[in-house]
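I am opening a notebook page on this structure and will write down what I look up, in the order I look it up.

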Amino acid sequence: MDDSERHIDRMDSVLYKAATEGDVEMLRLLLLRVDPEDPTGVLRSTTPQLNTALHLAALHGHADIATQILGKNPDLLVARNSDGNTPLHLAARAGKLEVAKLLIRHSLALPGDRKSPLMMTNRAGNNPLHEAVWNHRPAVAVLLLDADPWRGYDINERMESPLHMAAREGIVQVVEKIVDYTRVPEPHQQCEEPAVSLSGTALHQAVLGTDLRILEILLEKLPHVIDLTDSDGNNALHYAAQKNYPRMVEALLEKRTDLAYMRNKERQSPLHVAARYGATEAIKALLGRCPDAAEVVDGSGRNAIHTSVDSGKEDALRCLLRHARPTDMELVNRVDRDGNTPLHLAAKMNRIHSVMLLLEDRRVDLSVRNNKGQTARSIVEGNLHSGKTDMYLTHLLRQLQQQEAKRCRKRLLPPTASDGHRPLSNKEFDSVVEAYYIAATVIAAISFAATFTMPGGYDQTSGIALHGHKAAFKVFVVSNAIAMCCSIVVVFLLIRARKKPGVQLMVHYLTWSERLIITACIAMLASLMTAVYITVPPTARWPAYAVIAIGFSSGCLFFIISWIGGDKSVLNDVPLIVKVCSWETECKLF
């Protein structure tokens with residue numbers, strides 16, 4: 001059972017109305033008709049949230065009612081509601097200046113053995129100053145600081161002081177008020193700025209708040225905080241780099257350039273952080289002031305270029321390549337603990353655009369090998385062999401091969417793995433067989449149907465084709481027969497191939513299936529051209545000639561594409577299939 005359930009003195013509705021509306025006369029009449037032996041007992045009653053009448057008067061800003069209540073029962077000054085808030089907390093949160101003045105005056109008048117409401121905290125660990133700053137009540141915050149300036153450094157449950165909050169929220173007058181006092185810690189109080197906290201120091205918060213004026217105030221009045229970090233080891237420059245605030249970066253580096261070389265618990269410098277988050281403006285500011293910061297490496301031996309590749313931030317990579325000492329080849333070819341350059345890393349992670357950016361940079365050395373003896377090209381080949389393939393990766397491999405041929409003629413390179421081809425997997429082989437099977441079945445069905453629907457039709461008496469005497473008709477019949485017979489043979493071959501009689505024989509069946517499918521397609525094309533020629537009237541032959549031209553063009557286009565693109569047939573992988581199968585224990589790759 002909580003405090004609200006244990007409390008039995010529920011607030012009188014008249015008292016609630018008087019406190020919330022500020023009706024002094026209503027309160028006076030209520031006090032006249034209460035128990036004369038305990039005239040202030042009614043003031044101790046509470047709402048379900050354990051708010052007293054003084055809480056309500058403070059929240060609604062009724063100073064006259066608060067004066068009357070405190071005159072009758074001054075102990076209510078330190079009363080707490082269910083959230084641990086005193087009336088001063090509520091007045092500070094609501095920004096009720098007059099009530100806050102009244103409560104502060106009474107707080108200062110308390111005897112020394114009583115804890116002052118100025119330093120009392122609620123369940124969140126906030127004192128009234130926390131509440132005023134958090135809710136942007138600068139006037140009340142300044143009033144509270146005038147009464148007790150040391151409260152500006154008190155830490156709540158989130159390890160934040162009012163100074164943290166004011167710095168982040170950009171409340172300049174409160175920050176100035178707090179830092180104008182010299183901190184004199186008492187034995188029971190925490191230190192001014194914890195060296196390790198989740199939220200960092202007030203300087204970190206000023207960076208997050210993007211208020212350059214507050215940053216300058218803190219650096220001037222509390223210069224030692226520039227050395228402090230958050231719980232992850234990040235200094236204020238790490239924050240500015242992450243948030244891409246170039247003016248903050250420049251202001252911090254103007255005070256201390258060595259901040260650019262400090263590393264957090266992940267062993268990353270501010271430039272690493274900027275590269276990870278793609279903060280290009282921060283990268284420019286960092287390299288403009290500290291160009292050699294690009295040499296700093298993290299715990300894995302990676303510089304910021306590695307980090308931009310690893311995080312996939314192409315803009316950051318482009319910015320680093322442009323501004324990180326253009327004549328320095330060491331940076332772009334720096335190897336990490338595994339011997340990987342940024343190009344290796346991009347190839348390994350299939351960062352296509354990052355690889356292309358690196359290839360455009362003439363400083364990048366394509367012949368560098370990692371600890372496994374791999375270049376970027378051989379890594380991509382390995383990806384292809386492992387089944388990670390798509391048209392982008394194939395294009396990437398081709399680009400790497402071309403660049404190697406141009407730029408590494410005098411370098412020793414790993415052997416090319418069968419010109420970039422890879423063995424077909426079991427699933428891919430079955431897909432090829434399925435595609436050929438469907439194509440052969442369709443061609444056979446169409447050819448069979450064309451046999452009984454001859455161009456021009458039949459003589460109804462004799463059943464003989466009307467155009468059977470023409471040479472074009474004879475070409476149609478022969479080509480249609482070729483298409484049908486070839487497709488039927490393909491169907492039988494693929495049926496045999498599915499039984500997997502052996503790798504060599506299976507490949508043999510698939511090779512002939514491809515050849516026969518091509519033959520059937522060419523025959524169908526000839527059937528189309530001759531059928532149109534037969535059925536078009538002799539007086540208007542131009543549609544037939546157009547179809548014949550299109551047919552020949554299609555055939556020529558097929559051969560031209562095959563010649564320009566090289567041998568594109570999946571059966572170029574057939575030798576590799578056989579070779580890999582010989583490596584398998586039982587020759588059962590498929």
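Which residues does the UniProt annotation "transmembrane region" cover? I found that the unreviewed entry gives residues 435-455, 475-495, 516-536 and 542-564; the positions are in the numbering used here, feature names are shortened, and such annotations may be inferred rather than shown by experiment.

I noted that this is a predicted model, in which local features need pLDDT of at least 70 and side-chain atom pairs count only at pLDDT 80 or more, while totals for chains, interfaces and linings use all residues. Residues are numbered from 1 along each chain as its sequence is written, and side-chain values use heavy atoms, with hydrogens and water left out.

I then looked up the protein chain, which has 29 helices and zero strands (DSSP runs, H or I of at least four residues for helices and E of at least two for strands, numbered from the N terminus). Of its 590 residues, 48% count as buried, that is, under 20% relative accessible area with a 1.4 Å probe and protein chains only.

Next I checked two of the annotated stretches. Residues 435-455 are 81% helix and 0% strand, with the end C-alpha atoms 30 Å apart; residues 516-536 are 95% helix and 0% strand, and their end C-alpha atoms are 30 Å apart.

Finally I turned to V442, which I located in helix α25, residues 426-451. V442 is partly exposed, at a relative accessible area of 43% (partly exposed lies between buried and exposed, the latter being over 50%).
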